[in-house]
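Please keep the sequence and the 3D view at hand while reading.

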Amino acid sequence: MANIKESNVDIRPVLNVNSSNPFDLSPSPVMVGRNESSATDFILVGLFPGFQHAILLNSMIIFIYILVFLGNVLLIVLIWGDSRLHTPMYILLSQLSLIDLTLTSTIVPKMASNFFTGRKTISWVGCGTQSFFFLMLGMSECLILTLMAYDRYVAVCSPLRYPTIVSPRVCLHMVAACWIGGSVGSFIHTVYPMHFPICGSREIHHFFCEVPVLIRLSCEDTSAYQLVVVVTSIVLLVVPFSLITASYTLIFLAVLRMKSVKGRKKALATCSSHLTAVSLFFGPNIFIYMTFTSSHSPEQDQALWVFSNILTPLLNPLIYSLRNKEVVAALMKLMGRCGAS
């Protein structure tokens with residue numbers, strides 16, 4: 001018999017020794033890319049992969065997500081369950097809550113699943129789907145917040161004309177336009193970058209798929225498309241933020257002329273809560289999308305994304321409910337019904 005040479009090839013599985021999750025016995029991303037995923041799959045590195053207390057961090061994010069989900073669902077139920085809240089302001093607020101809970105649901109469950117199972121891959125279709133919904137919801141929120149500022153401007157500066165200018169029917173039409181506009185813009189900015197060729201690693205240094213990180217993976221010249229992203233950011237971020245700022249400047253000037261101290265305080269309380277939500281949302285997003293070609297690190301981007309898209313949806317129900325007597329009254333009414341039953 002011919003002598004069989006002893007093989008020096010190590011056939012033992014390569015474990016993911018770089019993972020910050022001590023319970024992660026999954027193959028390393030390299031092995032995942034070779035054996036368990038197709039050539040078109042992406043690898044999501046995750047949220048702060050080098051953080052020593054990653055389990056605690058991810059557990060906190062999941063807990064915040066549960067609070068976001070419950071808080072926004074409760075606010076939607078209160079608004080649509082109480083006929084006194086069927087006004088344009090609360091219709092817009094319900095849409096903001098719907099966007100917030102859907103936005104976090106697009107990101108957090110997949111992030112948590114990847115971390116605790118150790119399977120960090122996401123398919124090409126899954127990446128495109130996540131990017132589409134994230135962009136659609138983000139663009140729609142920009143427009144909804146602008147409409148909320150316009151609604152408050154008309155209510156304070158032209159109260160007698162408010163029922164005719166911003167009627168519930170007109171409000172529903174504007175809401176539909178926001179969703180349609182967000183969907184169209186998101187479709188364009190999802191389909192186009194998803195077809196950029198990727199010649200090197202398909203490893204995404206992020207915890208979800210979105211346009212800036214996909215552009216960085218491409219080996220093609222994307223300077224023309226980057227310019228389109230900047231222009232889109234100006235249209236959907238800078239212009240709405242400027243309009244909102246102008247609206248609140250006019251509101252503030254109108255409030256100063258009010259003779260009623262009670263009316264002045266009520267107007268300022270309502271508008272200050274909205275302005276807080278606007279600042280928390282637009283600030284990080286303007287920095288990310290207007291400077292995404294600069295040299296800021298993935299960790300900086302991730303910190304801003306967590307603040308803007310996970311913490312802000314948690315604060316919105318608190319900001320609007322605690323500062324609003326009508327919402328508190330609707331909550332008390334609901335709790336009374338539950339107690340009586």
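Which residues does I204 touch, not counting residues up to four places away in sequence? The model is a predicted one. In it, I204 touches F42, I43, L44, V45, C127, C209, V213, L214 and L217. I204 belongs to strand β3, which covers residues 203-204. With a relative accessible area of 1%, I204 is buried, because buried means under 20%. One of its contacts, L214, is ten residues from I204 along the chain, and the C-alpha atoms of the two are separated by 7.6 Å.

**Helices**

Helix α4 runs over residues 124-157. Its 34 residues should span 50 Å at 1.5 Å a residue, and the C-alpha atoms at its ends are 49 Å apart, which agrees. Of these 34 residues, 24 are buried, so α4 is largely enclosed by the rest of the structure.

Helix α3, residues 88-117, crosses α4.

Helix α6 has 27 residues. From its first C-alpha to its last, α6 reaches 39 Å, close to the 39 Å expected at 1.5 Å a residue. The buried residues of α6 are C171, V175, C178, W179, G182, G185, S186, H189, T190, P193 and M194. What covers them includes strand β1 (42-44) and the helices α3, α4, α7 and α8 (223-256).

**A residue in a loop**

S167 sits in the loop between α5 (162-165) and α6 (168-194). Is S167 buried or exposed? Its relative accessibility is 17%, so S167 counts as buried, the cut-off being under 20%. Leaving out residues up to four places away in sequence, S167 touches P88 and Y162.

**Salt bridges**

Side chains of opposite charge can pair when their charged atoms come close. How many salt bridges are there by the rule used here? The count comes to three.

| D82 | R84 | 2.9 Å |

D301 counts as buried at 6% relative accessibility, whereas R216 is partly exposed, with a relative accessible area of 42%.

The partners in the other pairs can be described in the same terms. D82 is buried, with a relative accessible area of 4%, but R84 is exposed, at 51%. D151 is buried at 2%, and R152 is buried as well, with a relative accessible area of 14%.

**Back to the start**

One is I204, which is buried and has F42, I43 and L44 among its contacts. The other is α4, which is largely enclosed, because 24 of its 34 residues are buried.

Definitions and conventions
Residues are numbered from 1 along each chain as its sequence is written. This is a predicted model: local features need pLDDT of at least 70, side-chain atom pairs count only at pLDDT 80 or more; totals for chains, interfaces and linings use all residues. Side-chain values use heavy atoms; hydrogens and water are left out. Helices (H or I, at least four residues) and strands (E, at least two) are DSSP runs, numbered from the N terminus. The expected span of a helix is 1.5 Å times one less than its number of residues. Buried means under 20% relative accessible area, exposed over 50%, partly exposed in between (1.4 Å probe, protein chains only). A salt bridge is a side-chain nitrogen of Lys or Arg within 4 Å of a carboxyl oxygen of Asp or Glu. Contact means heavy atoms within 4.5 Å. Axes are lines fitted to C-alpha atoms, for helices over the stretch in contact, and angles run from 0 to 180 degrees between N-to-C directions.
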